[in-house]
Amino acid sequence: MGTWFWSASTGRFTLDEGAAEVLAGDGALAGLTLTPEAARARVIPTDRIRHARRFGLITRLGGPFGAEYRTVSATGESRSIVERGRVFQDDRRKPTHGMGIVIDTTEPALHEAALAQAVLAQAPVVSREDALDQAVSSAMSCRQAIDRVANSELRLLVDMLLLRLGQEVARHT
């Protein structure tokens with residue numbers, strides 16, 4: 001649905017259009033440098049406070065970041081959001097930047113139905129468990145290859161995929 005980038009030197013965020021629309025309330029803010037308050041303007045206030053505390057902690061510790069919260073549009077439409085990302089550090093363990101994704105999980109049944117329909121249209125029929133096992137195996141092979149490339153951005157993307165696949169496997173076992 002959207003992506004974000006955080007600069008430790010400024011403490012500000014840059015959102016893509018999808019993230020800017022849902023989190024800041026205006027897709028036209030995409031690509032601009034925003035304060036944390038502006039970047040999360042549409043997050044429900046109690047969730048925004050909790051999110052700010054968690055993000056503040058991970059900026060000091062570095063590493064993966066995850067959060068779930070709610071947003072409200074200008075028209076009052078409520079959305080459920082899942083956010084995954086990572087804060088990177090330099091050799092002295094000082095934060096340098098962070099990046100991540102935001103996913104709208106408000107209507108998971110619709111997303112699951114669309115995914116299932118797309119999979120059925122392109123692949124032979126296999127069980128959901130077999131498909132998840134194959135996806136996990138492929139993602140793990142990809143992660144091993146990315147480790148040899150030593151690209152932290154690609155590693156983050158594969159790690160987020162592995163995290164999400166793990167959640168899906170856990171949900172169905």
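**The aromatic cluster**

Reply: The charged end of arginine 40 sits over the ring of phenylalanine 13, 4.8 Å from the ring's centre. Keep in mind that this is a predicted model.

Now the rings themselves. Searching the whole structure turns up five aromatic pairs. Take tryptophan 4 and phenylalanine 55. Their ring centres are 5.7 Å apart and their planes meet at 80°, so this pair is edge-to-face. The cut-off for that label is over 60 degrees. This pair links distant parts of the chain. Tryptophan 4 belongs to strand β1 (residues 2–7), and phenylalanine 55 to helix α3 (residues 45–61). They stand 51 residues apart. Both tryptophan 4 and phenylalanine 55 are buried.

Phenylalanine 55 has another partner, phenylalanine 13. Here the distance is 5.4 Å centre to centre, with 50° between the planes. That pair is tilted. Phenylalanine 13 lies in strand β2 (residues 12–15) and phenylalanine 55 in helix α3, so the pair ties together parts 42 residues apart in sequence. Phenylalanine 13 is buried, like phenylalanine 55.

Now put the pieces together. Ring pairs join Trp4, Trp6, Phe13, Phe55 and Phe65 into a cluster. Phe55 pairs with Trp4 and also with Phe13. Phe13, in turn, is the ring with the charged end of arginine 40 over it.

Notes
Residues numbered from 1 in each chain as written. Predicted model: local features only at pLDDT ≥ 70, side-chain atom pairs only at ≥ 80, totals over all residues. Heavy atoms only, no water. Phe/Tyr/Trp six-rings, centres within 6.5 Å; stacked < 30°, edge-to-face > 60°. Helix = DSSP H or I, 4+ residues; strand = E, 2+ residues; numbered from the N terminus. Buried < 20%, exposed > 50% of the residue type's maximum accessible area, 1.4 Å probe, protein only. Lys NZ or Arg CZ within 6 Å of the ring centre and 35° of its normal.
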